[in-house]
Amino acid sequence: QVQLVESGGGSVQAGDSLRLSCAASGRTFYAMGWFRQAPGKDREFVATISSTGGRTYYADSVKGRFTISRDNAKNTMYLQMNRLKPEDTAVYYCATSRYYIRTRFDEYDYWGQGTQVTVSS
């Protein structure tokens with residue numbers, strides 16, 4: 001069993017930065033990822049990182065602006081979000097996957113409760 005708790009969301013202006021954290025407990029040797037869901041839209045993949053942190057993969061919409069990382073000693077994953085845009089507004093979820101570098105939400109097993117990110121223009 002894995003428990004995930006996101007934090008770090010908030011309301012910012014376009015161009016600002018935020019860092020999300022995902023604290024994990026339980027079995028934490030999985031690959032992990034970030035997804036987001038805007039009102040009225042499907043949950044979409046944002047980024048994923050391998051269990052060791054050696055491999056990452058990003059959605060095209062965030063590539064070059066967001067950085068995913070993890071500190072296994074602290075059982076925590078991060079999402080550094082720079083140059084935020086209004087279209088980044090969503091609830092951000094962290095999740096774990098038993099698979100390696102996956103982008104579909106149904107390939108993730110455990111989910112956090114989400115943290116709201118709001119970017120105003």
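Reply: The model is a predicted one. A search of the whole structure finds six aromatic pairs. One of them joins Tyr93 and Trp111, whose ring centres are 6.5 Å apart and whose planes form an angle of 80°, an edge-to-face arrangement. Tyr93 belongs to strand β9 (residues 90–97) and Trp111 to strand β10 (residues 110–111), so this pair ties together parts that are 18 residues apart in sequence.

The two partners can also be described by their accessibility. Tyr93 has a relative accessibility of 13% and counts as buried, because the cut-off for buried is under 20%. Trp111, at 27%, counts as partly exposed, because this value lies between the cut-offs of 20% and 50%. Trp111 also pairs with Tyr108: here the centres are 6.2 Å apart, and the angle of 55° between the planes makes the pair tilted. Tyr108 is buried, with a relative accessibility of 5%.

These residues belong to a wider group. Ring pairs link Tyr93, Tyr108 and Trp111 with Phe35, Phe45 and Tyr57 into a cluster.

The charged end of Arg43 sits over the ring of Tyr93, at 3.8 Å from the ring centre. Tyr93 therefore has the ring of Trp111 as an edge-to-face partner and the charged end of Arg43 over its own ring. Over the ring of Tyr57 sits the charged end of Lys63, 6.0 Å from the centre of that ring.

Technical notes:
Residues are numbered from 1 along each chain as its sequence is written. This is a predicted model: local features need pLDDT of at least 70, side-chain atom pairs count only at pLDDT 80 or more; totals for chains, interfaces and linings use all residues. Side-chain values use heavy atoms; hydrogens and water are left out. Rings of Phe, Tyr and Trp (its six-membered ring) pair if their centres lie within 6.5 Å; planes under 30 degrees apart count as stacked, over 60 as edge-to-face and the rest as tilted. Helices (H or I, at least four residues) and strands (E, at least two) are DSSP runs, numbered from the N terminus. Buried means under 20% relative accessible area, exposed over 50%, partly exposed in between (1.4 Å probe, protein chains only). A charge sits over a ring if NZ of Lys or CZ of Arg is within 6 Å of the ring centre and within 35 degrees of the ring normal.
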